[in-house]
Amino acid sequence: MSAAEGPLVVGVDTSTQSTKALVVDAATGRVVASGQAPHTVSSGAARESDPRQWWDALGEALAQCGDAAREAAAVSIGGQQHGLVTLDEQGEPVRPALLWNDVRSAPQARRLIDELGGPKAWAERTGSVPSASFTVTKWAWLAEHEPDAARAVRAVRLPHDYLTERLTGEGTTDRGDVSGTGWWASGTEAYDEGLLARVGLDPALLPRVVRPGEVAGTVRDGQGLPFSKGTLVAAGTGDNAAAALGLGLRPGVPVMSLGTSGTVYAVSQHRPADPTGTVAGFADARGDWLPLACTLNCTLAVDRVAALLNLDREAVEPGTSTTLLPFLDGERTPNLPHSSGLLYGLRHDTTAGQLLQAAYDGAVHSLLGALDLVLDADADPSAPLLLIGGGARGAAWQQTVRRLSGRPVQIPEARELVALGAAAQAAGLLTGEDAAAVARRWNTAAGPVLEAVERDEATLNRITGVLSDAAPLLERDATAH
């Protein structure tokens, strides 16, 4: 292995399922070493994880990086958004973290929307209309269902904040991740104290919001990690904002991320405020905005359908008139938190491979339905759609997105874009550069482009029709008695 040309930095992606760490040459973007360790998530109605296992996984992932991690001059954490981490006076979790895909707070989301003047008022105030994914609704759920736990809380953090604080000893967050809480006002870029009072959350329990490019702190002693005391720690950010940094995104370029959840987003210079709630008006990690739409059911749901059919995930067959809405975890886009999967149009001659293709179509339909709302009106409709995330390498995903979008599709060759974006943020601390400019210098978005094909309007219209007709059924809570 050739010697690094510049200082080394570490970028971390603490996601739902695992923590990944990359040691990156800040001069070239070359990944010098990497490591990964898994997390566990509860099953059933709850989606919870013990935050301490994220720390343990970080240590294991860094240990896999070997000596390279010890040479790092700066580190940054990118993490899953929305998770509610509650800590006691000793900084220990009061209870497991409620993750983004825990939708038990759907009743609290509806109540909060009504109490604060409806969807339009929320969008204007915070940039988003809260769904059951948002942290504010999870806090409201906790206060209502576990009041003793809520009273014991002395600090409230997001997942990436938790790890950053354990590194530095200081409670910090960034504008990208905090914009997904529902208690940060996007117009003033400050905590909304009136809203916090409404849900009974003391703003003193929240972390300081670090500005883009600002140092969050330095690594303290006694952490059991390979970093030297005094190693710079960047603000970190939420996973989608980190991936946007990792791609070096410029305004107007559309991104579709295919992971456990699916997202579509683009950088914008205009503060978003979608009163329908389809688009979340997130901030990015630089100073611009990141309008984003998210679905709860993406690769995990389609893989589950493949497993039920005893098929490989690539064993799709064309020619289906069957519609499969793979809403196995409830759904956020469209906003149907109580929904379950729905199959319509089954015939004697329907094959298992066609059912699997229908699951792909249903998952991609939800994402494409939000793409036009995410993009500014002056965005180029023929610009390639950047396809990222675990599903982006799958031929069935690529071809489904290509067929249903009618756009050229570009697959960046760089992997682990969240960790790369965090690494670019860490590198920016050392060089004084904008983190997205660092990633562009690293040429992270380079990759093959699949040419556009004619958009499959018939399939899109069929799925839209079934979704509309089935809405009353999908809105019902199937578990209620």
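Visitor: Which residue, just after H7, takes a positive phi?

Guide: Gly 169 does, with a phi of about 80°. This is a predicted model, in which local features need pLDDT of at least 70 and side-chain atom pairs count only at pLDDT 80 or more, while totals for chains, interfaces and linings use all residues. Residues are numbered from 1 along each chain as its sequence is written, and side-chain values use heavy atoms, with hydrogens and water left out.

Start with the helix itself. H7 runs over residues 159–168, and nine of its 10 residues are buried. Buried means under 20% relative accessible area, exposed over 50%, and partly exposed in between, with a 1.4 Å probe and protein chains only. The buried set includes Pro 159, His 160, Asp 161 and Tyr 162. Leu 163, Thr 164, Glu 165, Leu 167 and Thr 168 belong to it too.

Now step back to the chain. It holds 16 helices and 24 strands. Helices (H or I, at least four residues) and strands (E, at least two) are DSSP runs, numbered from the N terminus. The radius of gyration is 21 Å, close to the 23 Å from the globule rule for 481 residues, so the chain is as compact as a globular protein of that length. That radius is taken over C-alpha atoms, and the rule is 2.2 Å times the number of residues to the power 0.38. Over the chain, 59% of the 481 residues are buried.

The largest nonpolar core has 67 residues. Such a core is a set of buried Ala, Val, Leu, Ile, Met, Phe, Trp, Tyr and Cys residues joined through side-chain atoms within 4.5 Å. Trp 139, Val 156, Trp 183, Leu 201 and Tyr 265 have the most contacts inside it. Helix H14 (residues 417–431) gives the most to this core: eight residues.

Take Trp 183. Leaving out residues up to four places away in sequence, its contacts include Trp 139, Val 156, Leu 201 and Asp 192. Contact means heavy atoms within 4.5 Å. A second, separate core has 35 residues, among them Leu 8, Val 10, Leu 99 and Trp 100.

Thr 16 lies between strand S1 (8–14) and strand S2 (18–25). Not counting residues up to four places away, Thr 16 touches His 39, Val 41, Gln 80, Leu 99 and Trp 100. Thr 16 is buried, because its relative accessible area is 7%.
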